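Let us walk through this model together, one feature at a time. Keep the viewer open as you read.

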Amino acid sequence: AKQHSDLDTTLIERAKTLSPREHRELSKTLSSLRDTAESLARLRQKEEEVADLSKIEEDDEEMMSIVKEDKEALLHQIPKLESDVAHSLIPKDEADESSAVMEIRAGA
């Protein structure tokens, strides 16, 4: 997330002084980090919401049942968000961006 923020700042501050090649490379790197940064931000937000709900101590039974339901729903979402973050951290294969030719032939 920090690297994403730093690259975004660099791209904005140096937009006029960057060569087209440097601008393209920075933009490409920034784009590849965007998904990771967004997934991480969503995960942190859900974790903060769970922490906030855990702090609520109400005497009202109805309010506590609502808090419990909300907390369970958030706890159910967190593993998927963690998986999204982990998946976005897997290094990209350079061949992923290359063109491919596939030939399909009828077989016996």
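Arg105 and Glu103 are both exposed, where exposed means over 50% relative accessible area, buried under 20%, and partly exposed in between, with a 1.4 Å probe and protein chains only. The side chains of Arg105 and Glu103 meet in a salt bridge, with 2.5 Å from N to O; the term stands for a side-chain nitrogen of Lys or Arg within 4 Å of a carboxyl oxygen of Asp or Glu. Before going further, please keep in mind that this is a predicted model, in which local features need pLDDT of at least 70 and side-chain atom pairs count only at pLDDT 80 or more, while totals for chains, interfaces and linings use all residues. Residues are numbered from 1 along each chain as its sequence is written, and side-chain values use heavy atoms, with hydrogens and water left out.

How many salt bridges does a search of the whole structure find? It finds three. Side chains of opposite charge can pair when their charged atoms come close. Another of these pairs joins Glu25 and Arg21, at 2.9 Å from N to O. Both residues lie in helix 2, four residues apart, about one turn of the helix. Helices here are DSSP runs (H or I, at least four residues), numbered from the N terminus, and strands would be E runs of at least two. Glu25 counts as partly exposed because its relative accessibility is 43%, and Arg21 counts as partly exposed at 46%. A salt bridge also links Asp84 with Lys80, the closest N and O atoms being 3.2 Å apart. Asp84 is partly exposed, with a relative accessible area of 23%, whereas Lys80 counts as exposed at 54%. An α-helix has 3.6 residues a turn, so residues three or four places apart point the same way.

Now follow the helices themselves. Helix 2 has 36 residues and reaches 51 Å from its first C-alpha to its last, close to the 52 Å expected at 1.5 Å a residue; the expected span is 1.5 Å times one less than the number of residues. Look along helix 2 and you will find a kink of about 30°, centred on Leu33. The bend at a residue is the angle between axes fitted to the seven residues ending there and the seven starting there. Helix 3 has 29 residues and reaches 42 Å from first C-alpha to last, close to the 42 Å expected.

How do the two helices meet? The buried residues of helix 3 are Val67, Leu74, Ile78, Leu81, Val85 and Ser88, and they pack against helix 2. On helix 2, the buried residues include Leu26, Leu30, Thr36, Ala37, Ser39 and Leu40. Nonpolar side chains tend to be buried together in soluble globular proteins. Here the largest nonpolar core has nine residues: Leu40, Leu43, Val50, Leu53, Val67, Leu74, Ile78, Leu81 and Val85. Helix 2 (20-55) and helix 3 (61-89) each supply at least two residues of this core, and the largest share, five residues, comes from helix 3. Apart from this core lies another, of five residues, among them Leu11, Leu18, Leu26 and Leu30. A nonpolar core is a set of buried Ala, Val, Leu, Ile, Met, Phe, Trp, Tyr and Cys residues joined through side-chain atoms within 4.5 Å.

Zoom in on Val85 next. Leaving aside neighbours within four places in sequence, Val85 is in contact (heavy atoms within 4.5 Å) with Ser39, Leu40 and Leu43. Ser39 lies in helix 2 and counts as buried because its relative accessibility is 7%. Not counting residues up to four places away in sequence, Ser39 touches Asp84 as well as Val85. The C-alpha atoms of Ser39 and Ser88 are separated by 8.2 Å, although the two are 49 residues apart along the chain. Finally, is Thr36 buried or exposed? Thr36, which also lies in helix 2, counts as buried at 12% relative accessibility. With residues up to four places away again set aside, Thr36 touches Ser88 and Leu89.
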